Amino acid sequence: MDDSFLQVDDLVKQYDTGGEEPLTVLDHLSVTVAEGDIVAVVGESGTGKSTLLHLLGALDRPTAGTVTFRGENLFAKSDEALAAFRNRSVGFVFQFHHLLPEFTAVENVAMPALIQHRPLSDARPRALELLDLLGMADRADHQPSALSGGEKQRVAVARALMNEPALVLMDEPTGNLDAQTAAPLHREIERLSREVQQTFVLATHNPALASIAGRVLRLEHGRVHDAGPADELALTEGTSGASADNA
């Protein structure tokens, strides 16, 4: 495994609240993620798990600090270059599915490939394979308005895996899934990590999902503490709160 795959150094994220002092969500946070790792980030709601994922995936820029991906400082890049990086190298699963309502489920899954100007005829078999993995094969040609909340989330997970990105960031990906539906996703994450060295960073309150992680990072007071393998203490903190992380 390549320990220099993803390196975070002294990451700071602050928000202007209109008061004298800005709100500091991430406070000189540093962490290294090796290629092929499955890392779970746990902590109480509102501690900044979503903010951290957004910065790792270059959806937002930090107040200070660096995120280095395979030796390149992401935030030295232009916005255009970051957009290309996200499409090529990162898969996202957000707390809310963000599906495009005018497209079918299979078209939504294929969208990352279509953005790369690959024809739908080439992308459709892989998209259907992913939908089948998540028990959605019979819903492939339905639009989001005809899907339940859990079905929409499964489509969003399939979309994140479409381009086989090196880094997959998942923000409560199984929040709307029951245990039986989530189990194949957990197995696929483990397989992709093991066989093709895909790297996963998962923000979650779900003990079953976090249990597949090789490392658990507990986010507290703007910094992460390495809890090692999944353990009960790390997984139970914050589970009584809402699943949404508004930071």
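Visitor: Among the contacts in the protein with a separation of 6 or more, what percentage comes from residues 24 or more positions apart?
Guide: This is a predicted model, in which local features need pLDDT of at least 70 and side-chain atom pairs count only at pLDDT 80 or more, while totals for chains, interfaces and linings use all residues. Residues are numbered from 1 along each chain as its sequence is written, and side-chain values use heavy atoms, with hydrogens and water left out. A contact means heavy atoms within 4.5 Å. For residues 24 or more positions apart, the share of contacts with a separation of 6 or more is 69%.

Visitor: How many helices and strands are there in the protein?
Guide: Both are DSSP runs numbered from the N terminus: helices are H or I with at least four residues, strands are E with at least two. The protein has 8 helices and 10 strands.

Visitor: Why does the radius of gyration of the protein agree with that of a compact globule?
Guide: The radius is taken over C-alpha atoms, and the globule rule is 2.2 Å times the number of residues to the power 0.38. For 247 residues a compact globule would have a value near 18 Å, and the two agree because the radius of gyration of the protein is 18 Å.

Visitor: What percentage of the 247 residues is buried?
Guide: Buried means under 20% relative accessible area, exposed means over 50%, and partly exposed lies in between (1.4 Å probe, protein chains only). Of the 247 residues, the buried share is 51%.

Visitor: How do the rings of F5 and F69 pair, edge-to-face or stacked?
Guide: Rings of Phe, Tyr and Trp (its six-membered ring) pair if their centres lie within 6.5 Å; planes under 30 degrees apart count as stacked, over 60 as edge-to-face and the rest as tilted. This rule gives 3 aromatic pairs. The centres of F5 and F69 are 5.0 Å apart and the planes stand at 65°, so this pair is edge-to-face.

Visitor: Where in the chain does F69 lie?
Guide: F5 and F69 are 64 residues apart, so the pair is edge-to-face across distant parts of the chain. F5 is in the segment before strand 1 (6-15), and F69 is in strand 4 (residues 64-69).

Visitor: Which residues form one aromatic cluster?
Guide: The cluster consists of F5, F69 and F85.
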